[in-house]
Number of protein chains: 2
Amino acid sequence: MKKTHQLISGLSALALAAGAFLLFPSLALSDDADQALIAKANALFKPLPASSALENSQLTPVRVSLGKALFYETRVSSDGRLGCVTCHNPAYHGADSLALTLGVHGKQLPRNAHTVFNTSLLISQHYGGNRATVEEQAYKAVLSPLAYGNTSNEQVETKLTQLGYLPLFKAAYPADEKPVSVENWSKAIGAFERTLLTPAPFDKFLKGDAQALSRPAKLGLDKFINTGCVGCHSGVTVGGQSYQKFGITQDYWLVTGSTPKDAFKGYDKGRFHDTKDEADAFIFKVPQLRNVAVTPPYFHDGSVATLPQAVRVMAQLQLGKQLSDEDVSHIVSFLESLTGDIPADFANVPGLPVAPH
Amino acid sequence: MKKTHQLISGLSALALAAGAFLLFPSLALSDDADQALIAKANALFKPLPASSALENSQLTPVRVSLGKALFYETRVSSDGRLGCVTCHNPAYHGADSLALTLGVHGKQLPRNAHTVFNTSLLISQHYGGNRATVEEQAYKAVLSPLAYGNTSNEQVETKLTQLGYLPLFKAAYPADEKPVSVENWSKAIGAFERTLLTPAPFDKFLKGDAQALSRPAKLGLDKFINTGCVGCHSGVTVGGQSYQKFGITQDYWLVTGSTPKDAFKGYDKGRFHDTKDEADAFIFKVPQLRNVAVTPPYFHDGSVATLPQAVRVMAQLQLGKQLSDEDVSHIVSFLESLTGDIPADFANVPGLPVAPH
């Protein structure tokens, strides 16, 4: 499949390049224009760092390896079927392809699952930003009745011990008196997730390789900046660093087709549901846009299926603008340049411990 | 994790070998005894073949690659969450670690899921043997209300087309007028599954490498043969080639702790539920024993958690014998020599098509 993908992408790029050359030989940006665009982009965005290690918390291979096992481990959930990987699947670029994600025992959750890629670099986790770090997300998920369905730390720790994880926790956290703990579960999974960074063609462009972006992608980048998208979607993760009202020019559901949700007793009002402060009504974390082209559907409730439509909706709802089909197409090309490679080891499912007999 | 596993196994083997040498220097089998055991084993078992291709159906790379994508594809199920991989997970050696497997929308099924490894070589599929081939299993699963939850061939085919699979089916089945079909879904998945063979230390032993089995494993093999286990568990897959009553000396639930199941209006009577013939009461397909040590829990309802207990239960229920702890330990050592390597490419999750916009 990967080879097929690469082949198809390769052929498309070739056809595109040939088409651009044959039809618009004069449309290649000048070297000067390229350099100007690179400079402009560098003022607004940043390439991915090499690592997102926590201060004072080394991502040692033994911790990352344990974290990866725990990420793929489903036997800790109350139905034995849900792990981090269930909502953050390599097959779907670290997300799950569903509009609204599903928890343990098939329970429907009221929001969409983000991709796990680069998420350790964001200001917070979840659409509501109600988890500060990937570690806090992992900690609360394993104890959530909707996610893993466990009811106490002891329950989680007993399961992990019975499954044979004690030697692996000991190796990862040798100084701890009680190595098997939900605290260390969350640290190990956090360590693994902090390795899941996905450098993309756009990073090469930011570092000075003008050829890393196609001409439509460069036009799209320029349009993305000039239209005002960059007002929220900037920085290393092209968003994900701030909170913003969703639906500035009108109620979002009039344009997205969103429906009220039982969990929110009506339309989803974002951070309001956590803070109960009307000032937070309809405020959501601005999503990152890295890998956006390969992680449909879109928005907090997955109400929009395709990227071109998501771009149109955002321009209308947030900026009061109607984009032309050509502008949408160019912006989509730019967004496609944010698609990174799936970290090689992430997609390689580890064999998990067989409970000792 | 894999490295950790190998390390742990390596150390155990070393300790075992050293222990055997220090404590029982005279217990090494003689070369003659080794050769006799290899000859005896070759009369009862066979090494894995290089391929399990269907006659007249080539396992071309493009078909196998499509089959792998479809194996990992969950968006075709009615909750968007279930694929072949859900019950046949690389993390659990091609099975799912659950006593009773779960279908779409978390529905509990009444039987345990087998490992997908080497299953194309068996006489039939499922504990009831009610699927002739892996292809028939894949065909019926995608249309089963309990498994994928689809209600018609058209529904499956429409989903596959909308997800962008048409070019991949065309490439795999270029001569077909209608490439996207449930028929070709089943053929492609079958092609992939036919590649999932797991050669194990026991295969090396059968081919003449006396050192491929530890001394306890050789003693266990001899005990396995002489106790009568081999009466059913023989051939290339060490079982899986015949049907047999489960519970010859007494009702199985008296020993396994099995409970009645609603789906069967009582205890599971095996093939009887398909044929309604009392002669088939309690007749099940004899499971293969390849990878048995790494695919707990055991039996058609996963009622027994550990391999030593499963060995004891079988000796008592099928042969009316009480095995000593030492015999059980040796037989378990032999069964561990049936654990094969996870096929490398199997564990590497493919990126799946993103629906075209």
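## Ground rules

Residues are numbered from 1 along each chain as written, and chains are lettered from A in the order in which they are written. Because the model is predicted, local features need pLDDT of at least 70 and side-chain atom pairs count only at pLDDT 80 or more, while totals for chains, interfaces and linings use all residues; side-chain values use heavy atoms, without hydrogens and water.

## The largest nonpolar core

Let's start inside. The largest nonpolar core has 80 residues. Such a core is a set of buried Ala, Val, Leu, Ile, Met, Phe, Trp, Tyr and Cys residues joined through side-chain atoms within 4.5 Å, where buried means under 20% relative accessible area with a 1.4 Å probe, protein chains only. The members that touch the most others are A:Tyr165, A:Trp185, B:Tyr165 and B:Trp185.

Beyond its neighbours within four places in sequence, A:Tyr165 has contacts (heavy atoms within 4.5 Å) with A:Leu66, A:Ala69, A:Leu70, A:Glu73, A:Leu160, A:Leu352 and A:Pro353.

## Helices 5 and 8

In chain A, helix 5 (residues 134-142) packs on helix 8 (residues 182-193) at about 130°, with axes 8 Å apart. Helices here are DSSP runs (H or I) of at least four residues, numbered from the N terminus; axes are lines fitted to C-alpha atoms over the stretch in contact, with angles from 0 to 180 degrees between N-to-C directions. Among the contact residues are A:Tyr139 of helix 5 and A:Trp185 of helix 8. By class, the contact has 8 nonpolar, 2 polar and 4 charged residues; Ala, Val, Leu, Ile, Met, Phe, Trp, Tyr, Cys and Pro count as nonpolar, Asp, Glu, Lys and Arg as charged, and the others, Gly among them, as polar.

In chain B, the axes of helix 5 and helix 8 come within 8 Å and cross at roughly 130°. That makes this pair of chain B oblique. The contact includes B:Tyr139 and B:Trp185, and its residues divide into 8 nonpolar, 2 polar and 4 charged.

## A buried threonine

A:Thr256 sits in helix 11 (residues 253-256) of chain A. With 7% relative accessibility, A:Thr256 counts as buried. Residues up to four places away in sequence aside, A:Thr256 touches A:Phe246, A:Phe299, A:Ser303, A:Val304, A:Val313 and A:Leu317. From A:Ala33, A:Thr256 is 223 residues away in sequence and 36 Å away in space, C-alpha to C-alpha.

Conventions:
Buried means under 20% relative accessible area, exposed over 50%, partly exposed in between (1.4 Å probe, protein chains only). Angles under 35 degrees count as roughly parallel, over 145 as roughly antiparallel, 65 to 115 as roughly perpendicular and the rest as oblique.
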